[in-house]
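I opened my notebook to go through this fold piece by piece.

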Amino acid sequence: MSDDHRRHMAHALRLGRRGQGNCWPNPAVGCVIVQGDRVVGRGWTQPGGRPHAETEALAQAGELARGATVYVTLEPCAHHGQTPPCAEALIKAGVARVVAPFEDRDPRVAGQGFAMLRAAGIEVITGPGFEEAARDHAGFFFKQEQGRPFLTLKLATTLDGRIATATGESQWITGSEARRMVHAQRASHDAVMVGAGTARADDPSLTVRDMGVTRQPVRVVVSRRLDVPLMSQLAKTANDVPVWLCHGSDADPLLKQAWEGLGATLIECSLSGRQIDMRSVLQGLGAAGLTRVFCEGGGQLAASLLSAGLVDELITFTAGMALGAEGQPALGALGIERLGEAQRFTRAALRPVGADVMTVWRRRAL
């Protein structure tokens, strides 16, 4: 693989990440068009999923796209949707070469975009940026193949794994820099999810602030009985920023009616014993189009997700304090008796954020 391929694909991947959280249910794709040694066009998937990255980059390049090399982070689409196929647009523009990490797993594409390009005499090169693109598009692929979004679990704790004092005081364990980082992480996801206990205890708004976002993430609350206060911040703003409530079949019909009247979307989920089945929750969110979900707790919800093997990425912020055994733990009971039963994650990143430390852990299967 040439250094030019690595460099330009890395550029396209950075551009694609600008669309994360903004373009669901479509993938967040980046595109760079290179003529000789010069970048003549750049683009990424726009809010709402269109225009696509390729058409944005082609519009910027204009006639300079003829004979150029196109670096795109996913196989160009080959199907007619609300816009014509990107493969067709690249052919019309007269590009000479398309470089992409791999085929799109969407059955509407699945190699057909590459086939169209090759049939038109355009060289297709695959492989550059494979691992990075696989991580960036994991949510889109999960939705296609497993029917659920990619899930990131965030935990902000003390050195001894506590999230609050025995009396419930938690503001603030981590510093302002860490809290700002969390807002940036919310912005790169389609939805922010919490449990009903967190919604009741903290009355959060769950919005992204001071980041200049054009599309706020969906606010998801997992509440079997819909017992989230109707005067909460979420309820008051449900008409302004989407609120989705994942509930059980035994939720009070009057509460269903009240939340729908406030503008919330209700998703009925299966139960597992006395709790909502988290696989059913994620399947419901995937069916609604979400590809990336950022979970901020609480402890019982986080434990349920871990127990079900549904946490794909774990981000921890650790503050330099300890609260002792009487403090509230970050996780509810997991029922683990032997170390071999615990799911292990692979550390992907470790960095200071202000006075705190952020660690990113990923499932080994990713």
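**Entry 1: two helices.** I noted before anything else that this is a predicted model. I reminded myself that two packed helices are described by the angle between their axes and the distance between the axes. I looked up helix α2 (residues 53-61) and helix α3 (residues 86-93). Their axes come within 9 Å and cross at roughly 20°. Angles under 35 degrees count as roughly parallel, so I wrote down α2 as roughly parallel to α3. I also checked the hand of the crossing of α2 and α3, and it is left-handed.

Which residues make the contact? From α2 I listed Glu 54, Thr 55 and Leu 58. From α3 I listed Cys 86, Ala 89, Leu 90 and Ala 93. I sorted the residues of this contact into five nonpolar, one polar and one charged.

**Entry 2: the five-stranded sheet.** Next I traced an open sheet of five strands. Its order is β2-β1-β3-β4-β5, and the pairing is mixed. Which strands stand at the edges? They are β2 (38-44) and β5. Each has a single partner strand, so one side of each is left without a neighbour in the sheet. On average, neighbouring strands here are turned by 15° against each other, direction ignored.

I then followed the pairs. I found β3 (residues 69-72) and β4 (residues 97-100) paired in the parallel sense over three bridges. Thr 69 has Arg 97 in β4 as its bridge partner. I counted four bridges between β4 and β5 (residues 123-126), and these strands also run parallel. Ala 100 stands opposite Thr 126 in β5.

How does the chain get from β4 to β5? I followed it through helix α4 (residues 112-119) and logged a right-handed β-α-β crossover. Helix α4 packs on the sheet, where it touches β4 and β5. Its direction makes about 145° with that of β5.

**Entry 3: the nine-stranded sheet.** I moved on to another open sheet, made of nine strands. I read the order as β11-β10-β9-β8-β14-β6-β15-β18-β17, with mixed pairing. At its edges I found β11 (265-268) and β17 (345-353). Each of these has a single partner strand, which leaves one side of each without a neighbour in the sheet. The twist averages 20° from one strand to the next.

I checked one end of the order. Strand β17 pairs with β18 (residues 356-363) in the antiparallel sense, over eight bridges. Arg 347 stands opposite Trp 361 in β18.

I also looked up what packs on this sheet, and found helix α7 (residues 176-187). It touches β6 (150-157), β8 (191-195), β14 (292-295), β15 (313-318), β17 and β18. The direction of α7 makes about 160° with that of β15.

**Entry 4: backbone spots.** Last, I went through the peptide bonds. Is the bond from Gln 171 to Trp 172 cis or trans? I found it cis, with omega near 0°. Trp 172 lies in the loop between β7 (162-164) and α7. I noted another cis bond from Gly 297 to Gly 298, with omega near 10°. Gly 298 sits in the loop between β14 and α12 (299-307).

I also flagged Asp 203. Its phi is near 45°, a positive value in a residue other than glycine. I placed Asp 203 in the loop between α8 (196-202) and β9 (218-222).

Terms used:
Residues numbered from 1 in each chain as written. Predicted model: local features only at pLDDT ≥ 70, side-chain atom pairs only at ≥ 80, totals over all residues. Heavy atoms only, no water. Axes fitted to C-alpha atoms, helices over the stretch in contact; angles between N-to-C directions. Parallel < 35°, antiparallel > 145°, perpendicular 65-115°, else oblique. Left-handed = near helix turned anticlockwise from the far one by under 90°. Contact = heavy atoms within 4.5 Å. Nonpolar A, V, L, I, M, F, W, Y, C, P; charged D, E, K, R; others polar. Pairing = 2+ DSSP bridges. Right-handed = clockwise from strand over helix to strand, strands pointing away.
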